[in-house]
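Please read the briefing below alongside the sequence and the coordinates.

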Amino acid sequence: MTDATTQIKDEITKNDVVLFMKGTKEMPQCGFSSRVAGVLNYMGVDFSDVNVLADEGIRQGIKEFSDWPTIPQLYVKGEFVGGCDIITEMTISGELDTLLEENGVSFDKDAADKIREANA
C-alpha cells in the first residue's frame with residue numbers, strides 16, 4: 001500500500017464527509033470543486049477538504065483509489081459518492097439529503113430545499 005493510499009484511507013475513515021478537491025472549501029481552485037464545496041457549505045455540512053493540488057501523490061492516488069478519473073470526489077462515511085455532476089443531480093433530486101440522513105450527517109434541510117427551488 002502506498003503512502004498516498006494510506007493517507008486517503010485515514011482521511012475517509014476519520015471524517016464522516018470528505019471532499020477531495022482542487023483548492024480548499026474556503027478557496028476552491030476550479031469550478032467543479034467550487035460547486036460541490038458550495039453546495040456542502042450552503043447546506044451546513046461539516047466536511048473535511050483535501051486539496052489535491054498540494055500533493056501530487058494524493059491527486060493521482062485518489063483517482064486510482066476510487067477508480068474515478070476526475071476531481072472533486074465526495075466520500076460519505078468511507079464510501080465514494082461521486083463527482084460534481086453526480087452530487088449536483090443528487091442535490092436536486094433529494095438523494096443527497098437521503099444519503100446524509102441515512103448516515104447520520106447533519107445538514108440544513110431548508111437550505112437543501114432552497115437549492116432545489118432555485119433549480120426547479
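Helix H3 is followed by Asp 67, whose phi is positive, near 60°; helices (H or I, at least four residues) and strands (E, at least two) are DSSP runs, numbered from the N terminus. This is a predicted model, in which local features need pLDDT of at least 70 and side-chain atom pairs count only at pLDDT 80 or more, while totals for chains, interfaces and linings use all residues. Residues are numbered from 1 along each chain as its sequence is written, and side-chain values use heavy atoms, with hydrogens and water left out.

**Helix H3**
- Ile 58, Gly 61, Ile 62 and Ser 66 are the buried residues of H3, which spans residues 56-66 (buried means under 20% relative accessible area, with a 1.4 Å probe and protein chains only).
- Seen down the axis of H3, these buried residues fall within an arc of 110°, so they line one face of the helix (the arc is that of the directions from the helix axis to the C-beta atoms).
- At the start of H3, a side-chain oxygen of Asp 55 reaches to within 2.8 Å of the backbone nitrogen of Gly 57.

**Strand E1**
- In E1, 5 of the 5 residues are buried, with Val 17, Leu 19 and Met 21 on one side and Val 18 and Phe 20 on the other.
- E1 and E3 run antiparallel and are joined by 4 bridges, and the bridge partner of Val 18 in E3 is Tyr 75 (two strands pair if DSSP finds at least two bridges between them).
- E1 pairs with E2 in the parallel sense over 4 bridges, where Ser 48 in E2 is the bridge partner of Val 18.

Methods: Buried < 20%, exposed > 50% of the residue type's maximum accessible area, 1.4 Å probe, protein only. Polar contact = N/O pair within 3.5 Å; in protein donor to acceptor, adjacent residues only side chain to side chain.
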